[in-house]
Amino acid sequence: MRRHHRAQQRVAHERNEAALSNERNLLRSLIDNLPEHIFIKDMLGRYILDNMSHARFLGRESSDVIAGRTVFDFFPPDLAERYAADDRAVLQSGEALVGREEPIVGKDGRTRWISTTKAPFRDIQGAPAGLVCISRDVTARRLAEQELRELERFLSSIVENIPDVIFVKSGVDLRYVKINRAGEELIGAAPGSVLGKSDHDLFPKIQADFFASVDRAVLESGKLTEVPAEEIQTSRGTRILHTTKLAIADDAGRPRFLLGISRDITDQQRAQKELAEKHALLEEALRSEREALDALKQAQAVLVQNEKMAALGQLVAGVAHEINNPLAFVTNNIAVLQRDLAEIRAVLDLYRRTDQTLERSDAPLLKEIRELSERVDLDYALGNVPELLHRSRDGLKRIQEIVKNLREFSRESLGELPDNIDLNPGIESTLTIARTAARHHNVELVAELSPLPGIRCNPSKINQVILNLVMNAIDACERGGKVTVRTTAVPQGVEIAVSDTGTGIPPEIRHRIFDPFFTTKPVGRGTGLGLSISHSLITETGGTIEVDSEPGRGSCFTVRLPAAGSQTGGQANDGKKE
């Protein structure tokens, strides 16, 4: 019975030993396959257990060769002494050393960082028996953290040294959690003194309310927002900032921070304003220069035209004078010829009364006379010559009238201007000259001239203006059109209107028709000086010239000249009645 009991105990013991061995092997397998370095030391610092990860770390292929050895067998003396000191401190204090990180130089010369936790363990009686240690290689993490710190320093250096203001506010209460040196300098704050404050702690209420309202709108919308120009009170006075704001959300999409970047554009705006002012001054200078150049060109054109007209006037006056002399002789001779022809005809009638007597006395002579009379058609000649002479005298009168009109048109006033010039005769002479062009264009030229008061002016210049206006009106008309020249006495002087049934002047160019060298005529048909010179001549006389025109219905140019003694400065008008 006792033998049987011992046998059962032996079987149970063997079974327990087998289970314990299995658990030990399972635990060993688990420890060997962990990436952490796991090892146990006794009170003397000797390794009594190591996993494979720790063995490989020590440069061994098996943990068996490590048992019984100390750190002095695997590490340099100074490092081994530091490890041994840590072991003694933990055993003496009874407190664990958790997560201590320290560098280790491996056999390959590379430095690696190890995080170590050491804790004392006790035997069955509760007495200290040694250390349980776990360490892991944290080199990769340490390198990543170092790179992150370097990146943070790099970014911080950029943020702190960038000239723009960069700030970050809390998405909850809009208090500053970050602001760079440029922002602190702008508002005149000491380093770090802005953190934790809001805009209401730093700026006047109106500005702070505005900043806060924009910030809340950005946080609510989550969109990038630009404030092109906002004023801010600083230690350097009022400055103008261009600000960009953006909400930064957390993983849940809730706005956590507000990022702002502001650029001081005060000097830029001041420079732009000064540039705009200088540009305006330059534009004004250029405009004045253009006006001066245009005025010079116009003055030159007027001078050249006046010289041409003066030379033409002298030429016309000379030609008229030269024509007048032979014209007088021819006219007088025609009158004498008409008188003598009548007497010759009377003599011939008397001779014809002797035909019967001559036939009895000398019939051959009478026959010869009759044959000659029939050959020259004497009766027709005697009946037609008076009409020819009458028409010749009419032609000579027309020549005299043309010469008179030319002299009237080209008449130049010398010295003081006369005070009592009747413009109608000069206008009539001008229209006589223009009628040839009107007939050529099949345009009717009508004169409606009313009695006018005397005007103090140079009549040849007024005639030149009327001729320019009439010729332009004729050119503007289609065939069968009509040009009317009307003179009227008005309370302050005279009014001369030249109207046509032509194409009219488009509104977009009406303001330019008096500009020098502006013309709508084809190249070679106009210089663009006629209206410009006309305006100058009327202005010199103290009058005004204006135009009323409608496309498709013709134009009317109206010249107003003051009566003698009331001349004032003149002006041009593009259709607006005074």
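Strands (E, at least two residues) and helices (H or I, at least four residues) are runs assigned by DSSP and numbered from the N terminus, and two strands count as paired if DSSP finds at least two bridges between them. The views show a predicted model, in which local features need pLDDT of at least 70 and side-chain atom pairs count only at pLDDT 80 or more, while totals for chains, interfaces and linings use all residues. Residues are numbered from 1 along each chain as its sequence is written, and side-chain values use heavy atoms, with hydrogens and water left out.

**The protein chain has 14 helices and 16 strands.** Of its 578 residues, 33% count as buried; buried means under 20% relative accessible area, exposed over 50%, and partly exposed in between, with a 1.4 Å probe and protein chains only. Contact means heavy atoms within 4.5 Å. Among contacts with a separation of 6 or more, 56% join residues 24 or more positions apart. The mean pLDDT, the predictor's confidence in each residue on a scale from 0 to 100, is 80, and 80% of the residues reach 70 or more.

**An open sheet of 5 strands is arranged in the order S2-S1-S5-S4-S3, with antiparallel pairing.** Strand S2 (47–50) and strand S3 (97–105) lie at the edges with a single partner strand each, so one side of each has no neighbour in the sheet. From one strand to the next, the twist averages 25 degrees. Axes are lines fitted to C-alpha atoms, for helices over the stretch in contact, and angles run from 0 to 180 degrees between N-to-C directions.

**Helices H3 and H4 pack on the sheet beside the paired strands S4 and S5.** Strand S4 (residues 111–122) and strand S5 (residues 128–137) are joined in the antiparallel sense over 9 bridges, and Thr-117 stands opposite Ile-134 in S5. Helix H3 (residues 77–93) touches strand S1 (37–42), S3, S4 and S5, and its direction makes about 170 degrees with that of S3. Helix H4 (residues 139–161) touches S3, S4 and S5; the angle between its direction and that of S4 is about 125 degrees.

**Strands S1 and S2 form a hairpin with 4 residues between them.** The two strands pair in the antiparallel sense over 3 bridges, with Phe-39 opposite Asp-50 in S2. In the turn, Gly-45 has a positive phi of about 85 degrees.

**The largest nonpolar core has 39 residues.** Such a core is a set of buried Ala, Val, Leu, Ile, Met, Phe, Trp, Tyr and Cys residues joined through side-chain atoms within 4.5 Å. Leu-423, Val-470 and Leu-561 have the most contacts inside it. At least two residues of this core come from each of helix H11 (423–440), H12, strand S12 (482–490), strand S13 (493–500), helix H14 (530–540), strand S14 (544–550) and strand S15 (554–562). H12 gives the largest share, 8 residues. Beyond its neighbours within four places in sequence, Leu-423 is in contact with partners including Leu-452, Ile-455, Ile-462 and Leu-561. A second, separate core of 17 residues includes Phe-74, Leu-79, Ile-104 and Ile-114.

**Helix H12 is mostly covered.** Of its 18 residues, 13 are buried. At 1.5 Å a residue, helix H12 (residues 459–476) should span 26 Å, which agrees with the 26 Å between its end C-alpha atoms; the expected span is 1.5 Å times one less than the number of residues.

**Leu-174 and Asn-442 each have a positive phi.** Most residues other than glycine have a negative phi. Leu-174, in the loop between strand S6 (165–170) and strand S7 (176–179), has a phi near 60 degrees and counts as buried at 9% relative accessibility. Asn-442 lies in the loop between H11 and strand S11 (444–449). Its phi is about 55 degrees, and at 42% relative accessibility Asn-442 counts as partly exposed.

**Ala-328 is located in helix H7 (residues 266–352).** With 43% relative accessibility, Ala-328 counts as partly exposed. Ala-328 and Leu-396 are 68 residues apart in sequence and 9.1 Å apart in space, C-alpha to C-alpha.

**Over residues 568–572 and residues 574–578, pLDDT stays under 50.** Beyond four places in sequence, the model has 17 contacts for residues 568–572 and 12 contacts for residues 574–578. Where pLDDT is low, the predicted coordinates should not be read in detail.
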